[in-house]
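Q: Hi! Could you walk me through this structure while I have it open?
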Amino acid sequence: MGWPYIGETLKLYSQNPNTFFSIRQKGYGDIFKTHILGCPCVMISSPEAARIVLVSRAHLFKPTYPPSKEKIIGPEAIFFHQGEYHTRLKKLVQASLLPSAIRGSVAEIEQIVLKILPSWDNTTINTLKEMKRFAFDVAMLAVFGSDMGIEIQSIKHLYHCLEEGYNSMPLNLPGSPFRKAIKARKLLNETLRKVIEKRRKSYKINSSGSGLLGVFLGADQQNQKFNQQLSDSQVADNIIGVIFAAHDTTASVLTWILKYLHDNKEVLDAVKMEHEKIRQRIREENRDLTWDDTRRMSMTNRVIQETLRSASVLSFTFREAVEDVELEGYLIPKGWKVLPLFRSIHHCADFFPQPEKFDPSRFEVPPRPNTFMPFGNGVHSCPGSELAKLEMLLLLYHLTNTYRWETIGEEDGIQYVPFPVPKGGLPLKMVARNLNIYDHKVQ
C-alpha cells in the first residue's frame, strides 16, 4: 500500500503505467490493492472483472472523481451521477451525439479543418497544442451549434484558465492555478447563464444546428408541464463537462496518430491511398465530402482503433464501492476505489498478440468482447465516441492529402499531462505536398 497517505501515487505517475501495472499483476494477479491519490484502491485487469464493475453490477460501483476536479467542472455534471438523473442526462447528450445527429455536421467540422491547416504551411508545429485547438473548436460546435454568439471568445478564454487549474495541485492559495481556475469557473458560470437565458428566449422547437444546448432547451420546453426543467446550473455544469470530455482526450489521440503514422510509413501510405481514392471520386462527381465518404475510410478507422488500443490515453477509470462487495473471491470494502485497467487489458498478449507492435490489421476482425474499451463500457461509457471518430477522420483525410511531416529532435519518450502523449507535445515539421487539395472554399 506504499507510504502513509501518499501510497504509491508517485510511483504511478513517475513511470510508464504499463510497468507499474505489470509488476503488480505478476506479483499479485489480475486483482490487487494499492493506495493512490489519498485513497485505498483495488485495481482489476481482467475483462471479466471489468465487465462486472462497469456493466453487470454497475449499480454497486458509482463513478467517482477527486473533489477538486468535481468543483471545477461542476457537481451537476453527468460524470458524477448515477440513477434517474444520470439516465435522463445521458439520453439528452446522446440525442445530440448519435450518428443520426452528427452526420449533418460533416461540412461544419470540415470548415474548422480547412481554417486550421493553412497555418501549418511549411512550419514546425507543437502537435498536441494544435490538436487541442482543433478539438476545442469542434467541441464548441457540438455544444453551441452553428449559432455561436460573441460570448464564445470569452468562454474560450475562461475555459483555458479552468483547464490549467484542473490539471494542477488543488492548492487554493493566492496566485495558484487552482485558485485562478475557481475564479474563472465563477465567471464562466455567469457567462453561460447569459447565453442560456438568451437561447431560451429565442429557442424554436425543432431548430437545427443548435447543438447540445439546443437539445437541453428543447427537453426543457417539452418537460415544463411536468416541472422537470433542468436548472441553469445543471445545464452549465454539463456543458463544461462535455467540453472537458471532448477536448483533451481527442487531442491526445490525434497526436499519437500522427506519431504512429510517421513511424510506420507503410501504414501511412495505405491511409494516403485510401484518401486519394475518395478525393478522386469526389472530384469526378463534382461534390463535397459526405458522411458516406467517411464510412468508406476503413483503413483510417483501423488506424484510429489501433491508436486507441496502443496509446490507451484513458489508462483506467475510477469507481467506488457503494457497499461491501465480493469480486472473484475478494472482499472490496465500502468506500474503496475500484479501477478497471483499460491499458493493461489493451496490452495483454492473450487478447492482442505482440501488443507493443502498431498493427491496424488486427482490427480487420472484431476484438474479443470486453477486451477493447477505449471509451469505457456500460451506462457510463462515453456518449461522444462517434463525434470523436468523425473529427479524426475528417482531419486525417485533409491532413494526409495536404502535408508530409517529420519529427523534430531525437526525444522519443512519453510525458503525462495528465494523459500520455509523446514528449514535448510532438514537434513536427509540416511540408506541403505538391497537390491542389484545397477543393473546398473556406467560408
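A: Happy to, and keep in mind that this is a predicted model.

Q: Which residues of α3 are the buried ones?
A: Within α3 (residues 47-56), they are P47, A49, A50, V53 and L54. Those residues span an arc of only 165° around the axis, so they sit on the same side of α3.

Q: Why would residues three or four places apart point the same way?
A: Because an α-helix has 3.6 residues a turn.

Q: Nice. Switching to the cores, which residues touch the most other members in the largest nonpolar one?
A: That core has 102 residues, and the ones with the most contacts to other members are W120, F134, F144, I257, L258, L261 and W405. Helix α12 (residues 232-263) gives the largest share, 15 residues.

Q: And what does the second, separate core include?
A: Among its 18 residues are A49, V53, I332 and W336. A49 and V53 are also on the list of buried residues of α3.

Q: Back to W120, what is it in contact with beyond its sequence neighbours?
A: Leaving aside neighbours within four places in sequence, W120 contacts I125, E130, M131, R133, L399, Y403 and M430.

Q: Last one: where does N16 lie?
A: N16 is in the loop between α1 (9-14) and α2 (17-28). Its relative accessible area is 31%, so N16 counts as partly exposed.

Q: Which residues does N16 contact beyond four places in sequence?
A: I414 and Y416. The C-alpha atoms of N16 and Y416 are 9.4 Å apart, with 400 residues separating the two along the chain.

Technical notes:
Residues are numbered from 1 along each chain as its sequence is written. This is a predicted model: local features need pLDDT of at least 70, side-chain atom pairs count only at pLDDT 80 or more; totals for chains, interfaces and linings use all residues. Side-chain values use heavy atoms; hydrogens and water are left out. Buried means under 20% relative accessible area, exposed over 50%, partly exposed in between (1.4 Å probe, protein chains only). Helices (H or I, at least four residues) and strands (E, at least two) are DSSP runs, numbered from the N terminus. The arc is that of the directions from the helix axis to the C-beta atoms. Contact means heavy atoms within 4.5 Å. A nonpolar core is a set of buried Ala, Val, Leu, Ile, Met, Phe, Trp, Tyr and Cys residues joined through side-chain atoms within 4.5 Å.
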